[in-house]
Amino acid sequence: MKPSLLCAILFSFILLYGTAQSQEHKLVKLWETDTLLKVPESVRYDAANKILYTANIDGQPWEKDGKGSVGKVGLDGRIIASEWVTGLNAPKGMGIHAGKLYVADVDVVAVIDIAKGKIIQRIAVDGAKGLNDISIDAKGVIYVSDSQTKKIHRIEKGKAMVVIDNLQGPNGVLVIGSDLYLTNSGGLYKHEKTGALTLIADGMEGGTDGIEAVGNGDFIVSCWAGSVWYVYADGKKDHLLDTREQKINSADIGYDPVSKTVYVPTFFKNSVAAYSLQ
């Protein structure tokens, strides 16, 4: 065999092997709900009650029109109630703490008693115009992004204060222990104790949206336009899902770390799809 031909074969093998090795994770679809949800922007997995909650905008994304609601979906994909709790405006991100579901709703955080299925409080956030995602730490401190004013707020004992401002396009927030992570204009960042933002990964176009922790230092990040990424702690990425050509959105995802199931709200397609992370 000629040396040039041998080199070509070896190069092709290395290229193919490297490509196969570069994608370590994938999503395998399990089910999708009926299209009876009302513009679901966010989905939250409730481990205690083995249920999914969906934040349904059912109107304009930032208007206070009273059309919004929270729905309930079973882990088998069956819609239990498309409008379990009503009386919201344009609800988006959700967080759970001590039996309560916290929902970002334009300029307030609505607090729902899960057992009663009722809104029991609305926490006003001064100056807010587009509250989007929520994450809650072990002590009940709430972090919520405002995509319109480009800020991150911290709410403790019912009082809100700005902790990060002058962002470009904040959306997803996630607290892990005492560490805060956020998505901002195509990138995933860690908010350092000094106030600085450390870039973990960028290049995720289409409106970086939700963040979920895999549990091993890695993350899953969704982009509203129709992409889901696996982001490693070192910044490497796997592109898990791309539904942009089909015009299927992938907004603020939910995640069950035990079953390794990713729940994707499809926004204008009015459904939630479940995928096994492999």
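Buried means under 20% relative accessible area and exposed over 50%, with partly exposed in between (1.4 Å probe, protein chains only). The model is predicted, so that local features need pLDDT of at least 70 and side-chain atom pairs count only at pLDDT 80 or more, while totals for chains, interfaces and linings use all residues. Residues are numbered from 1 along each chain as its sequence is written, and side-chain values use heavy atoms, with hydrogens and water left out.

**View A. Phe267 and Phe268 form an edge-to-face pair.** Rings of Phe, Tyr and Trp (its six-membered ring) pair if their centres lie within 6.5 Å, planes under 30 degrees apart being stacked, over 60 edge-to-face and the rest tilted. By this rule there are eight aromatic pairs. In one of them, Tyr181 and Phe219 are tilted, at 4.9 Å centre to centre and 55° between the planes, and both residues are buried. The ring centres of Phe267 and Phe268 are 4.6 Å apart and their planes stand at 85°, so this pair is edge-to-face. Phe267 is buried, with a relative accessible area of 6%, whereas Phe268 counts as exposed at 52% relative accessibility.

**View B. Lysines lie over the rings of Tyr232 and Trp229.** A charge sits over a ring if NZ of Lys or CZ of Arg is within 6 Å of the ring centre and within 35 degrees of the ring normal. The charged end of Lys236 is placed 4.4 Å from the centre of the Tyr232 ring, and Lys237 lies over the face of Trp229 at 5.3 Å from the ring centre.
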